[in-house]
Number of protein chains: 2
Amino acid sequence: MGNGLIVSGKKSRMRRGRGGMDPANLLATDGKGRKIMHFRRRQLILSQGDPAQYVYYIEQGSVKLSVTSKSGREAVVGLLGAGDFFGERCLADARSNTYSASAATDCRVVRIDNRWMGQMLYRDRVFSDFFTSYLLARKARVEADLVDQLFNSSEKRLARALLVMAGYGKAGKPSEEVLPKVSQEMLASMIGTTRSRVSHFMNKFRKLGYVRYNGGIQVRNSLVNILLHE
Amino acid sequence: MGNGLIVSGKKSRMRRGRGGMDPANLLATDGKGRKIMHFRRRQLILSQGDPAQYVYYIEQGSVKLSVTSKSGREAVVGLLGAGDFFGERCLADARSNTYSASAATDCRVVRIDNRWMGQMLYRDRVFSDFFTSYLLARKARVEADLVDQLFNSSEKRLARALLVMAGYGKAGKPSEEVLPKVSQEMLASMIGTTRSRVSHFMNKFRKLGYVRYNGGIQVRNSLVNILLHE
DNA sequence: ACCCAGGTGTGCAATAGTGGACAGAACTCA
DNA sequence: TGAGTTCTGTCCACTATTGCACACCTGGGT
């Protein structure tokens, strides 16, 4: 995620604000207004409907954001990793959480006080810049997910979800590596379909040699073929 | 859209930055780094794939953001109105536009230079605050659209889209008013379905008395019944 | 070794959604 | 006013997707 906004044409030629620390490093330490916390896989971090007063920042591990409908079905809105924020909505209006968050792997997150974060954003230009960059990138990602949902079949959505998780197209990623544990159930609720459908396509992909099961799911680059096919 | 972030517990007790102007007013004027432009209904404002170097701010009217797939199908990612920004992705990375924007009604928009906007964000806390608020709100909206798409049927998605457009649930909205022109085609590509489906449901809604055609579409509050069912 | 919970493969009837096509209504705009 | 264009209502054969059910598999306790 390219940090730093474009400022007078040069990226990153800017003095430090009062805080004076690199935001990511700052957040990595305990201190006023922030607290480092650890969660185990499956543990609930925050719950849909609870009053919202903290912003969270992921240091390590991954976190699943999900929404449960009145009818009890669950949809996964995002699977976040190190460097992502969540719960940030409470900066703009103080209502309750619109989703639940739970640890998808053991993880370390920083729980940041609402107010402290507001002050940082106001005072520290570097911090504010860091956060704005994040918001822009993340918003773009959610938009891409929406578009995907709007015009792809579930088969393609599954293929795309797998590729994105495998870091396809990212620089410095060996790709072809084994994914962290994700159940078919979870994949299903990420792409808005049923588990039997996911199972069906996973087998199809396997038969075609696009993925392998090596203790976990191993996505091969050739899986993009599914997306290209008209 | 509740402007102003939460800062040390008080919303909006903050001195003006260098710019010294209310952001919305500032943008309403021509000046360095920004240019006021007018577009007629259906006119193209920016095109998917073009190099991106401007951020746009809508003064008046509404703008449609859409993406066209390789196969030529169009999906509408958002229908924006006064007070919304678009094209802001170029603040974080200078690639090309990921969507097209065209005027859904005659409209007045401010075309803002990339760099100037970056400077404003860096220098003017009030401006930066204004923009961050916007991003937070808009991101939440896109997430809500994604969730809707993930677990509602096309009938419900249509109902929801209509209600949102009619400003259902917003304070100070008389609601029950007639919507600006939207074709079934457009509704279809907003909610990811076909026009024949939209036509079908619109008639159903009409028969049930949930909407009326009074020169345009008039949404009655009772349309929420569609969402509550099940 | 045994059990158990969570995860997976498979099949199937019932539904929902697609992608055309076509005719008529409703709007431009010269 | 009339010709063109854009919208809308409606139909239909196909295809995709759901919602179950049930057997099996696998890893971790105990």
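This is a predicted model: local features need pLDDT of at least 70, side-chain atom pairs count only at pLDDT 80 or more; totals for chains, interfaces and linings use all residues.

**DNA, dimer contact and confidence**

Reply: Starting with the DNA: helix 6 of chain A gives the most to the surface near DNA strand C, supplying five residues.

Me: Which other elements each supply at least two residues of that surface near DNA strand C?

Reply: Besides helix 6 of chain A, there's helix 5 (184-191) of chain A, and chain B brings in helix 4 (154-165) and helix 6.

Me: And which residues are the closest to DNA strand C?

Reply: Of the 15 residues around DNA strand C, the closest are A:Gln184, A:Ser196, A:Ser199, B:Thr193 and B:Ser196. By class, that surface has eleven polar, three charged and one nonpolar.

Me: OK, now DNA strand D. Which residues are the closest there?

Reply: A:Thr193, A:Ser196, B:Gln184, B:Ser196 and B:Ser199 are the closest, out of 15 residues that surround DNA strand D. Two or more residues each come from helix 4 (154-165) and helix 6 (195-207) of chain A, and from helix 5 (184-191) and helix 6 (195-207) of chain B.

Me: Which helix has the largest share of the surface near DNA strand D?

Reply: Helix 6 of chain B, with five residues.

Me: Switching topic: how does chain B lie on chain A?

Reply: Turn chain B by 180°, with a shift of 0.0 Å along the axis, and it can be laid on chain A with an RMSD of 0.0 Å. The two copies are thus related as by a two-fold rotation axis.

Me: How many residues does each chain put into the contact?

Reply: 46 from chain A and 46 from chain B. The copies meet through the same surface, because 100% of the interface residues of chain B are also interface residues in chain A.

Me: What gives the most on the side of chain B that touches chain A?

Reply: Helix 3 of chain B, with 18 residues. Strand 1 (6-7), strand 7 (74-80) and helix 2 (114-123) of chain B are also among the elements supplying at least two each. By class, that side of chain B divides into 21 nonpolar, 14 polar and eleven charged residues.

Me: Where is the pLDDT below 50?

Reply: Over residues 9-18 of chain A, a stretch that has 16 contacts in the model beyond near neighbours in sequence. Among the elements of chain A, strand 2 (residues 10-11) has the lowest mean pLDDT, 48, while strand 8 (residues 85-86) has the highest, 97.

Terms used:
Residues are numbered from 1 along each chain as its sequence is written. Chains are lettered from A and ligands numbered from 1 in the order in which they are written. pLDDT is the predictor's confidence in each residue, from 0 to 100. Helices (H or I, at least four residues) and strands (E, at least two) are DSSP runs, numbered from the N terminus. Two residues are in contact if their C-beta atoms, placed from the backbone, lie within 7 Å. Copies are superposed by least squares on the C-alpha atoms of residues with pLDDT of at least 70 in both. Ala, Val, Leu, Ile, Met, Phe, Trp, Tyr, Cys and Pro count as nonpolar, Asp, Glu, Lys and Arg as charged, and the others, Gly among them, as polar. A residue is near a molecule or strand if its C-beta atom, placed from the backbone, lies within 6 Å of it.
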